[in-house]
Amino acid sequence: MRATSTAFKENATQALADARLQKALVFTRPAFPTRRAAAVAQLPEFEQLRDIARDIKDHTLANLDFYLESWADKVERSGGQVHWCSTPDDARAAVLAICQRVGARTVTKGKSMISEELAINEHLEQHGITPVETDLGEYILQLRKEPPSHIIAPAFHLNREDWEQSFRASHTDLPPDRVFADRRDLLAEARAELRARFLAADVGITGANFLIAETGSSVIVTNEGNGDLTQTLPRVHIVLASLEKVVPTLEDACTLLRLLARSASGQDMSVYTTFSTGTRRPGELDGPDEYHVVLIDNGRSNMLGSPFQPMLRCIRCAACLNHCPVYFTVGGHSYGWVYPGPMGAVLTPSLIGVDQAGHLPNASTFCGKCESVCPVKIPLPDLMRHWREREFERHLPSLTTRAGLGVWGWFARRPMAYRLLTRAAAWGLARLGRRRGRLSSLPLAGGWTGGRDLPAPEGDTFFARYARARRAGPI
Amino acid sequence: MSREAILGAIRRSLGRGAVPRDLAIGLQARLHAHPRHLIPARSRLPRPQQVALFLRNVEKEFGTVARVPAAAAVPAAIAGYLAAQNLPSSFVMAPHPELRAIPWPASPLLRIREGRAAPTDLVSVQHGYAAVAETGTLMLPGTPDRPTTLNLLADTAIVVLRASRIRGALEDAWDLLRAEWRDDRTGGFMPRNVMLVTGPSRSADIEFTLELGAHGPRRLHVVLIDDDPPAVE
């Protein structure tokens, strides 16, 4: 996928003016946190499990070479093949070679973010092979030629009217005057369309939520069952997985699974959690004759041993997106590459460079919500701050930004001047916003007030209050 | 070679060479021992409550349940379910010895085909290997007598499960498989495919609103055989 992250500001401006997008964002925004909170409330051990999950991932990353080799040996013993690919080019070539060798005409696909990273669909199309996305959300995006805007709910930015419109435009063999009374009719039509595709496909491509070193298995987690049909019906199953998906044992996977669905969609467990280990065994009536895992580095090994290593713990649950005020203001497409939201703001500069994606770690209010809901406790705001520092060191921010930071730095180093300035500002803003308790426009802050109001300060600075409280007694 | 290139890159970043021998022995031992982590208390219950928790969770995830006293009662339970749902009384069934041993002729109207599911099959009957009370999850290993397509292709998936196979936590169900299954190819316990199924297929991709029956079954019906006296209150 070609990155447009350098245009984050323009993308965001467009997104703010896009009434349909804003409608979808407003509609969906409350659902994610509510569902997660309800699921977490039902599991008293949730917080302890987060610590354990972090430790499992840290242990695995510290010994990643060992666990990958153990896993690969088991894959080969079960009749599968591992293709080690350092770059997206290597991975695309590996996938294409398999498809061409078996004479594939159509390929069904389960939802996979790494396949977006590789832009595998375009590559297959260029070589005369038709990829068919089978996850409902990815399917409509393929019809609309749009990238996903969310890592687990790829098409939530679309409203029902958009679905109807795309289905009418694409399924031209169906009666044009058919009625879509509710969402179920849309679902039924997609199901029928895709059933035929599942049965016709020569190759099925899925991602992997986990790879299990102990058994050589790949694991996918879905609600629709599309990933399972994708990996069960065709003769050839190709798994796309990045290095950091490996975990040592089934017990390690159990702990991560307890966190994954709750953090993602607020389910205790997704509908289908499926472990695939090699090719069809003698006597089996189902299953692929070929099982390939295309294992992809694409920048991950560079993150090991760096301050960004904790990002490799990520299990792609999307809790950080779902709780992010910035993400829900500008939507996922604004981020301009595969991974949006806080996890994208950390991962994207690591994978495509801070010169390409420097805006992303700046698009955060550092409210800290992302870190507080992350099931593997990735210190996302901290890592974004690391990127900001690197960006500044490389003189990438604009002159205005640097000048502004210079002014702030001057005051920050002079506490008396800083307190005077903030006292004046707090007093002034409090008077300005006295009537409504908020400010809807401010000189030099149009960028802020264009999208939302600024709550008016109460008239006092933090320092003043703190000093007063100290005088009143021990805190 | 790419394998060496990637492993080399990992080792360089981690600031070391290959994992030293003594550490590798420790890591191998961890794989071998596969230690459990914290297991939520919710499924640590006396047997009857554990089975009840399983059933409650199946229903919470939009599955349905029929509880029968013995295998002999399964045909009537399935015939009754199909009639109530207005479904045809024919289905495709897993070629599993336990299912074959059920006295099907007791319900002469049922038409049964054994094998994998075809796209035209409306109803499938699968053999439930084990189940997890913690989440209402069925463990369905894909083996010659338990075809994977039976979990996926039919509109209505019926799973026949013995109550004695219900376990508390997911780890307990894996332990059953570890103890009971041998894969001839690898010598390990892992079959080619293991599906953990929690309720019927669904999607929330349209306006983040849940609808059942996305690509897999619209209905999931568990016929539970009470073969476990301590589980019955």
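A residue is taken as buried if 20 or more other C-beta atoms lie within 10 Å of its own, exposed if 12 or fewer do, and partly exposed in between, with C-beta atoms placed from the backbone. Helices (H or I, at least four residues) and strands (E, at least two) are DSSP runs, numbered from the N terminus. The model is a predicted one, so local features need pLDDT of at least 70 and side-chain atom pairs count only at pLDDT 80 or more, while totals for chains, interfaces and linings use all residues. Residues are numbered from 1 along each chain as its sequence is written, and chains are lettered from A and ligands numbered from 1 in the order in which they are written.

On those terms, helix α2(A) (residues 19-28) has A:Leu21, A:Ala24 and A:Leu25 buried. These three sit on the same side of α2(A) because they cover an arc of only 100 degrees around the axis, the arc being that of the directions from the helix axis to the C-beta atoms. An α-helix has 3.6 residues a turn, so residues three or four places apart point the same way. A:Ala19, A:Arg20 and A:Val26 are exposed on the other side of α2(A). The buried residues pack against α1 (8-17) and α16 (327-330) of chain A; a contact here means that two C-beta atoms, placed from the backbone, lie within 7 Å.

Elsewhere in chain A, α10(A) (residues 160-170) and α11(A) (residues 183-200) make a helix pair. Their axes come within 11 Å and cross at roughly 35 degrees. Axes are lines fitted to C-alpha atoms, for helices over the stretch in contact, and angles run from 0 to 180 degrees between N-to-C directions. The crossing is left-handed, as the near helix is turned anticlockwise from the far one by less than a right angle (clockwise would be right-handed). From α10(A) come A:Arg160, A:Trp163, A:Glu164 and A:Phe167, which meet A:Arg183, A:Leu186 and A:Glu189 of α11(A). By class, that contact has three nonpolar, no polar and four charged residues, where Ala, Val, Leu, Ile, Met, Phe, Trp, Tyr, Cys and Pro count as nonpolar, Asp, Glu, Lys and Arg as charged, and the others, Gly among them, as polar.

Two loop residues of chain A deserve a look for their backbone angles. Most residues other than glycine have a negative phi. A:Ala119, in the loop between α7 (113-118) and α8 (120-126) of chain A, has a positive phi near 50 degrees, and is partly exposed with 15 other C-beta atoms within 10 Å. A:Asn298 also has a positive phi, near 40 degrees; its loop runs between β10 (290-296) and α14 (300-303) of chain A, and with 20 C-beta neighbours inside 10 Å it counts as buried.

Turning to chain B, the secondary structure comes to six helices and twelve strands. Its C-alpha trace spans about 70 × 45 × 40 Å along the principal axes, and 45% of its 233 residues count as buried. Six strands form an open sheet with parallel pairing, in the order β1-β12-β7-β4-β2-β3; strands pair if DSSP finds at least two bridges between them. The edges are β1 (64-68) and β3 (111-114) of chain B, each pairing on one side only, and the twist averages 25 degrees from one strand to the next. Five bridges join β1(B) to the parallel β12(B) (residues 219-225), with B:Val65 partnered by B:Val222. Helix α4(B) (residues 74-84) packs on this sheet, touching β1, β4 (123-127), β7 (156-162) and β12 of chain B, and its direction makes about 155 degrees with that of β12(B).

The two chains meet through a contact of 63 residues from chain B and 79 residues from chain A. On the chain B side, α1(B) gives the most, with ten residues, and the class count is 29 nonpolar, 22 polar and twelve charged. An open, mixed sheet of eight strands takes in both chains, in the order β8(A)-β5(A)-β6(A)-β9(A)-β9(B)-β6(B)-β5(B)-β8(B). Its edge strands are β8 (246-247) of chain A and β8 (166-167) of chain B. β9(A) (residues 272-276) and β9(B) run antiparallel and are joined by five bridges, with A:Phe275 opposite B:Val194. Helix α13(A) (residues 250-264) lies across β5, β6, β8 and β9 of chain A, at about 165 degrees to β5(A).
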